[in-house]
Amino acid sequence: MPYRETKVYFDGGHYIAIPPENFPSSTRKRKKPKPPKPKQNENALPTPKEKFETAYSESQSLPKRERKKYIKEKLKDEFQTAEQLKEFVSQNIERKKINAYKRNTRLWRKIYTQGEWHYFVTFTYDSAKLTEKQFKAKLRNTLKHAVSRNGWKYIGVWERAPETGRLHFHGIFYIPQMIGKITEIKDYSTKQHKMQTTYQNDHFLKEFGRNDFKKIEIPLDITQSVKYLLKYIEKSGEKLVYGGKLPTYTKGDILDEDIACPYGVDDRKLLLFDSFRCIDEGEILGTVSPEVLAKMPKCN
C-alpha cells in the first residue's frame, strides 16, 4: 500500500520521506497564538533575556572559548547565585544552538528542493549613490519586483566588511530572466593585492554600485555558496532573507517497493532508493530526477 501525500526532502546524499500517518497532527505541539506585545516603557530596564540576547550577539566576535565567559560577566548582576547564572546562560545558549540547527536544516531542504540555482551575487553599498538606509530599502524593493515580474528567487544575508564596515548583501539566486547585462570586469583588489575578475550587472551598477554575479556551474558551487551564507549568519547574528516561493518539501505518493528501509528517530521516516518513482495523485510522472521533481507539488 502506498504512503499517500508524503513529504520528501533531499539531505545531500539521499531522499527521505516523511509519511503523514507517522507524524499525526494530534501529537504535534500546536503553536499557541502569541499574545499582543505590551507597549514598551522607554524607562523600563531590559529583562535578563533581553540582556542575554545583546550579550550573545556581542560575544560572536570573540573566540568560542571566551563567549560564555563574556555573557556571564554581562549578566552576573541579574542573579543571586553563580549557579542560577550558570543555568540561565547554559539554557539560553542551548536554545540558540537548537534554533540555529532548525534554521540550517530548513535552509538546506529549501536549497535542495529548489534544485536549480544560477548565481552567487554580492551587492556592495556605494555611499556616492545612496545612504545606507536608502540602499537597503531600494535593493529590497528592486528584488521584490524581480521576484514578482521576472521569477527570481533568492536566499541572502546582510553583512559588513570586517575591515571597512561597508555594507554588503550576499545571496544565492535563481534567475530565469536576467535584468540588465552582465560584463566581465578585471581590476585590482586592494584587499587581496592582486588582479581579480568580477561579473558586473550594468543595471545594478547604475542603480546601486559595485556588484558581482558569479555563475554557479556545478553542484559543489551551491554547497560552497550556502556555507558562505551560514558563515556570515554565525559571525554577525543576522537573519537570512528569503525572496520568492521556496518550499521545503516535494509532496507525493510513495510505493512500498521504493523504500530502502525505515529511518530516523523511532524509524518514523523512510529512506528511499535513489531511483524511486515520483507519483502525483496516482499518476507516475517518472523516476526521480531534477526534471521530474520540478513537476511535483511542493509544500512546507
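Biologist: What share of the contacts in the chain with a separation of 6 or more comes from residues 24 or more positions apart?

Modeller: This is a predicted model, where local features need pLDDT of at least 70, side-chain atom pairs count only at pLDDT 80 or more, and totals for chains, interfaces and linings use all residues. Residues are numbered from 1 along each chain as its sequence is written, and side-chain values use heavy atoms, without hydrogens and water. A contact means heavy atoms within 4.5 Å. For contacts with a separation of 6 or more, the share from residues 24 or more positions apart is 61%.

Biologist: What percentage of the residues count as buried?

Modeller: Buried means under 20% relative accessible area, with a 1.4 Å probe and protein chains only. Of the 300 residues in the chain, the buried part is 36%.

Biologist: How far from lysine 269 is the nearest side chain of opposite charge?

Modeller: Lys and Arg count as positive, Asp and Glu as negative. Lysine 269 is buried and has no salt bridge, which would need its side-chain nitrogen within 4 Å of a carboxyl oxygen of Asp or Glu. The nearest side chain of opposite charge is that of aspartate 11, at 8.7 Å.

Biologist: Which side chain is joined to that of lysine 269 by a polar contact of 3.1 Å?

Modeller: A polar contact is a pair of N or O atoms within 3.5 Å, one able to donate a hydrogen and the other to accept it. Contacts of lysine 269 beyond four places in sequence include Ile16, Phe23, Arg109 and Tyr9. The polar partner at 3.1 Å is tyrosine 9.

Terms used
Buried < 20%, exposed > 50% of the residue type's maximum accessible area, 1.4 Å probe, protein only.
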